[in-house]
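The sequence and structure come first.

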Amino acid sequence: MEAFFSGFGTSLSLILAIGAQNAFVLKQGILKQNVFIICLICAISDAVLIFGGILGLGYIIEKFPAIKQVAIYGGFCFLFCYGIKSFYTAFKLKHALNFDDKPTHGVRKTILLTLAFTWLNPHVYLDTMLLIGSVSAGFGNKNLIFGYGAACASFVFFFTLGYASRLLSVLFKKPLSWKILEIFVGILMIFLAFVLLFTDI
């Protein structure tokens, strides 16, 4: 059980920080749109990365800098464009939420956006795969139990974030609240895009 809870705590500490992926999950949770599929994709993706790290795939990525470079520039373009889109949305029209409206994104587009937020982030490969892979090695033959704990933390976190954020929906029926959120998301995305571009990872 020690390996399981160590994995749970390690994983939770890595994903608690506000990042592009978490901001996207929060926003869609407030909108109550495609929440289950978003949380499921995020959690499963994390689990794949976690066990990839435990099985040593993180070291392969570290050995081939070209993979990191492609991820860095792809991630920058995606985050920057999404940030600009958030600013455009913030100042385009009124933003009072009507939960009877059709979803802003269809299921297919939602899946693609969620995958992009997850897999176009080089920090995910290095932090999740390398860090969790390295820490799990200290548990010897219990490293898979460590991985199960880490994966469980991702499922708990993303589903809690996605469904708990709908408690804020009453607040976001006010146009000003939604505009502030869009501006915050825009600033965060563009900031993270340049951090990604200029940080040596």
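Phe 76 is buried, at a relative accessible area of 16%. The model is predicted. Phe 80 is partly exposed, with a relative accessible area of 29%. Both residues lie in helix α5 (residues 65-92). They are 4 residues apart, about one turn of the helix.

A pair of aromatic rings is described by the distance of the centres and the angle of the planes. For Phe 76 and Phe 80, the ring centres are 5.8 Å apart and the planes meet at 20°. Planes under 30 degrees apart count as stacked, so this pair is stacked.

Phe 159 and Tyr 163 form another stacked aromatic pair. Their rings lie 6.4 Å centre to centre, with 5° between the planes. Helix α8 (residues 143-164) holds both, 4 residues apart, about one turn of the helix.

Phe 159 counts as buried at 19% relative accessibility. Tyr 163 is partly exposed, at 32% relative accessible area. Ring pairs also link Phe 159 and Tyr 163 with Phe 36 and Phe 155 into a cluster. The count of aromatic pairs comes to 10.

## Packing of α3 on α6

Helix α3 (residues 35-54) packs against helix α6 (residues 107-119) at an angle of about 35°. Their axes are 10 Å apart. The crossing is right-handed.

From α3, the contact residues include Ile 37, Ile 41, Val 48 and Leu 49. Among those they meet in α6 are Ile 111, Leu 115 and Trp 119. The contact residues divide into 9 nonpolar and 4 polar, with no charged residue.

Notes: Residues are numbered from 1 along each chain as its sequence is written. This is a predicted model: local features need pLDDT of at least 70, side-chain atom pairs count only at pLDDT 80 or more; totals for chains, interfaces and linings use all residues. Side-chain values use heavy atoms; hydrogens and water are left out. Axes are lines fitted to C-alpha atoms, for helices over the stretch in contact, and angles run from 0 to 180 degrees between N-to-C directions. Helices (H or I, at least four residues) and strands (E, at least two) are DSSP runs, numbered from the N terminus. A crossing is left-handed if the near helix is turned anticlockwise from the far one by less than a right angle, and right-handed if clockwise. Contact means heavy atoms within 4.5 Å. Ala, Val, Leu, Ile, Met, Phe, Trp, Tyr, Cys and Pro count as nonpolar, Asp, Glu, Lys and Arg as charged, and the others, Gly among them, as polar. Rings of Phe, Tyr and Trp (its six-membered ring) pair if their centres lie within 6.5 Å; planes under 30 degrees apart count as stacked, over 60 as edge-to-face and the rest as tilted. Buried means under 20% relative accessible area, exposed over 50%, partly exposed in between (1.4 Å probe, protein chains only).
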